Amino acid sequence: MTTTATNLRTCAMHWTDLHEAAGQPATVGAFGLGLRGYLARLDAADAEQLEYEAHQAAHLRSLERDPIQIGERPVPVRLHILDTMRAVEAALIACADDIAHAAQRAPMTPPRAQRAAVARTRAERLAWEDRARQIEQAKADLVDPRRWRYTGRRTAPHAALWLLARVERKPGPCRRITEDEERRIGVVAAGAAERVERALDIAAQQWTLSTPCACGGQIDIHGGEGRVPVAHCTGCGRIWTEGGVIAA
């Protein structure tokens, strides 16, 4: 059974693979802005623009495969990979924001330091030492690297690892998450990991065709994990692949 922790690790570990799979944008047409520029434009792009870019990407890919193209050529960006990255990152960061808002301890403001007066009594000395501990704790609290922050490093891998620490009850400036919060993380993590695995084709998948075989049996298709999809009839046992029928 796949756990929430496994799903979060999948998102964090395969983020670099998604970057590599997306490729580098070509330096012609609409693809000269790079990955960050594309992601920024995607929020404001309308359906017509997206359709144009898809056709442009297909055209660039056809040119790249053309045997008359000689020498080093830029690799066109793969839009479905970028869309996956954008959706996964948005979901993980939003989930981390919500969990941090509910479970993370508010950062302490360091109290104003006071000059140590001569401790005339034991109570005065203990009060001053307690004040000094508060100041040190507040300073450490503000710079704690385990704190989820709403500015700065807000990436999918960082969000996934921060949520993983909450699920695994690791120490940090947070209370233990509740069962409802853990379920929320689990739902988000499962959806994000499924998108990542589907984009990279690293998970086994199975589909059932709505159209039955000639014998009336159900046709199941197995693929994923880098394998060529294979169709199998549960009635007559016939098997198909890209090259046609391979067994009857």
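Aspartate 98 is partly exposed, with a relative accessible area of 40% (buried means under 20%, exposed over 50% and partly exposed in between, using a 1.4 Å probe and protein chains only). Aspartate 98 forms a salt bridge with arginine 184, their closest N and O atoms being 3.1 Å apart. This is a predicted model, in which local features need pLDDT of at least 70, side-chain atom pairs count only at pLDDT 80 or more, and totals for chains, interfaces and linings use all residues. Residues are numbered from 1 along each chain as its sequence is written, and side-chain values use heavy atoms, leaving out hydrogens and water.

**Salt bridges**

- The structure holds 9 salt bridges (a side-chain nitrogen of Lys or Arg within 4 Å of a carboxyl oxygen of Asp or Glu).
- The bridge between arginine 184 and aspartate 98 links distant parts of the chain, with arginine 184 in helix 8 and aspartate 98 in helix 5 (residues 79–103), 86 residues apart (helices are DSSP runs of H or I with at least four residues, numbered from the N terminus).
- Arginine 184 is partly exposed, at 34% relative accessible area.
- Arginine 146 and aspartate 144 also meet in a salt bridge, at 3.1 Å from N to O.
- In that pair, arginine 146 is partly exposed at 39%, whereas aspartate 144 counts as buried at 9%.
- Lysine 170 forms a salt bridge with glutamate 168, with the closest N and O atoms 3.2 Å apart.
- Salt bridges that share partners join Arg9, Glu168 and Lys170 into one network.

**Tryptophans and their neighbour**

- A search of the whole structure finds 1 aromatic pair (rings of Phe, Tyr and Trp, the last by its six-membered ring, with centres within 6.5 Å; planes under 30 degrees apart are stacked, over 60 edge-to-face and the rest tilted).
- The rings of tryptophan 148 and tryptophan 162 have centres 5.7 Å apart and planes at 45 degrees, so the pair is tilted.
- Tryptophan 148 and tryptophan 162 are both buried.
- Arginine 166 lies over the face of tryptophan 162, 5.0 Å from the ring centre (CZ of Arg or NZ of Lys must be within 6 Å of the centre and within 35 degrees of the ring normal).
- Arginine 166 is buried yet has no salt bridge, and the nearest side chain of opposite charge, aspartate 144, is 8.6 Å away (Lys and Arg count as positive, Asp and Glu as negative; His and chain ends are not counted).

- Most residues other than glycine have a negative phi.
- Arginine 169 has a positive phi of about 60 degrees although it is not a glycine.
- Arginine 169 lies in the loop between helix 7 (156–167) and helix 8 (179–200).

Note on methods. Helix = DSSP H or I, 4+ residues; strand = E, 2+ residues; numbered from the N terminus.
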